[in-house]
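Look over the structure shown below before reading on.

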Amino acid sequence: MGAEWLEPLMLTSLNSVMWPLCRIGGFFMTAMAFSGAAVPMRVRALISLAITFCFLPNIPAVNTEIEAFSGLGIITTISQVFIGAGIGFITQYLAQCFVLAGQAVAMQTGLGFASLVDPVSGTNAPVVGQFFTVLTTLVFFAVDGHLVFIRLLLLSFETLPIAPGAFTPPHLTGIIYFGALMFQSALSMSISAICALLVINFTFGVMTRAAPQLNVFSMGFAISMTTGLFVLMLSLNSYMNNFTIAINELMSSTCTLIGTECEGIF
C-alpha cells in the first residue's frame, strides 16, 4: 500500500523519456548518412538515446494526463515517430537530388554501365551518382548540416509539442512537396550536361547522314564518354553553389514544416 505513489511516478517518467525518444529515433531512422546500411541499428539506437537525455532539460513538460498505454498514448507515439521521420526524410532529398543529377548525366554519357551498390538503398546505382553521394555527405558534415538539423529537431518540441494531434495532414503535404523540389533541383543541376550531350548526339546524327560509311556507334560511344567526363569536371565548379541553394531551400522548408522561421546555413 505504501508504494501506490510509485506507479504514476514511473509512468510519468516513462512518458517524459519515451515520446522524445520516439521523435529523435524517427529522425535518425531516416536522416541522411545515419539511415544507411553502413550504420548499425544498435549505433543509431545509442545515438538516439544519448541525444534524448541531452535534450530532456530543454524539452517542454509532457502532458501527464495522457497515459502511455492508452489509445491517445499510442496515437501520440505514432505522431512523434512521424514528426522525427519527416524531418529526417527531408535531409535525404539533399543527397538524392545530386544522385539523380549524376545518374541523368551518367545515362546520357554511357557512364551508367559502371555501377556500384548504393550503401543507402542497397541497390545498384551508377558510379557517378555514388560519387555525388559521397561528396554531398562529406560537405554536409563539413558545414555542420547534421548539427543544424538536430537543432531544428530540438526546436520542433517547442513548435510542435508532444500531443496526439501534433502531426497533421498539412505536415504530410509539406513533406511530399520536397519530392517535387528534389526533381527540380536535379534537373537544374544536370540540364547543362544534358544539353551539351544532346548537341553531340545531334552532331553524330548529321555525320551519319553525311557519311554513312563511318562507324558512328563505336566512335560516338568513346567521344560521348570522354565529353561526359569533361562535362562532369566542369560541373564540379558549380557544385558548392548548387549545394548552397539546395540546403538553404531545405532549411527554409523544414522551418516552415515545424512552424517557425529561420535562415539558411549560408
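To compare two helices, each one is given an axis, a line fitted to its C-alpha atoms over the stretch in contact, and the angle between two axes, taken between N-to-C directions, runs from 0 to 180 degrees. The model shown here is predicted. In it, helix α5, residues 145–159, packs against helix α8, residues 239–258, at an angle of about 20 degrees. The axes of these two helices are 10 Å apart. Angles under 35 degrees count as roughly parallel, and α5 and α8 are therefore roughly parallel to each other. The crossing in which α5 passes α8 is right-handed.

Which residues of α5 and α8 meet? On the α5 side they are Val148, Phe149, Leu152, Leu155, Ser156 and Thr159. On the α8 side they are Leu250, Met251, Thr254, Cys255 and Ile258. Sorted by class, this contact of α5 with α8 has 8 nonpolar and 3 polar residues, and no charged ones.

Helix α8 also packs against α3, which covers residues 71–109. Here the angle is about 160 degrees, and the axes are 10 Å apart. Angles over 145 degrees count as roughly antiparallel, so α3 and α8 are roughly antiparallel to each other. Their crossing is right-handed. From α3, the residues in this contact are Ile87, Ile90, Tyr93, Leu94 and Phe98. They meet a list of α8 residues that includes Tyr239, Phe243, Ala246, Leu250 and Ile258. The contact of α3 with α8 has 12 nonpolar residues, 2 polar ones and no charged ones.

A further partner of α8 is helix α4, residues 127–142. The angle between α4 and α8 is about 65 degrees, with 12 Å between their axes. That makes α4 roughly perpendicular to α8, because angles of 65 to 115 degrees are counted that way. Again α4 passes α8 in a right-handed crossing. Phe132, Leu135, Thr136, Val139 and Phe140 of α4 make the contact with Tyr239, Met240, Phe243 and Ile247 of α8. By class, the residues of the contact of α4 with α8 are 8 nonpolar, 1 polar and no charged.

The next topic is empty space. Rolling a probe the size of a water molecule over the atoms shows where empty space is left. How many cavities of 30 Å³ or more does the count give? The count comes to 3. The largest cavity holds about 60 Å³ of space. Its lining consists of Tyr93, Leu94, Cys97, Leu181, Met182, Ser185, Ala246 and Leu250. Two or more of these residues come from each of α3, α6 (169–210) and α8. The lining of the largest cavity has 7 nonpolar residues, 1 polar residue and no charged residues. Tyr93 and Leu94 of α3, and Ala246 and Leu250 of α8, also take part in the contact of α3 with α8.

The largest pocket contains about 240 Å³ of space. It is lined by 17 residues, and the closest to its centre are Phe132, Met189, Ser190, Ser192 and Ser235. Phe132 is also one of the α4 residues in the contact with α8. At least two residues of the pocket lining are supplied by each of α3, α6, α7 (216–235) and α8. Which helix gives the largest share of this lining? That share comes from α6, with 5 residues. The lining of the largest pocket divides into 11 nonpolar and 6 polar residues, with no charged ones.

Definitions and conventions:
Residues numbered from 1 in each chain as written. Predicted model: local features only at pLDDT ≥ 70, side-chain atom pairs only at ≥ 80, totals over all residues. Heavy atoms only, no water. Helix = DSSP H or I, 4+ residues; strand = E, 2+ residues; numbered from the N terminus. Left-handed = near helix turned anticlockwise from the far one by under 90°. Contact = heavy atoms within 4.5 Å. Nonpolar A, V, L, I, M, F, W, Y, C, P; charged D, E, K, R; others polar. 1 Å grid on protein atoms, 1.4 Å probe; cavity = no way out; pocket = protein on both sides within 12 Å on 5 of 7 lines; lining within 4 Å. Points joined across faces, edges and corners; volume = space filled by probe spheres on them.
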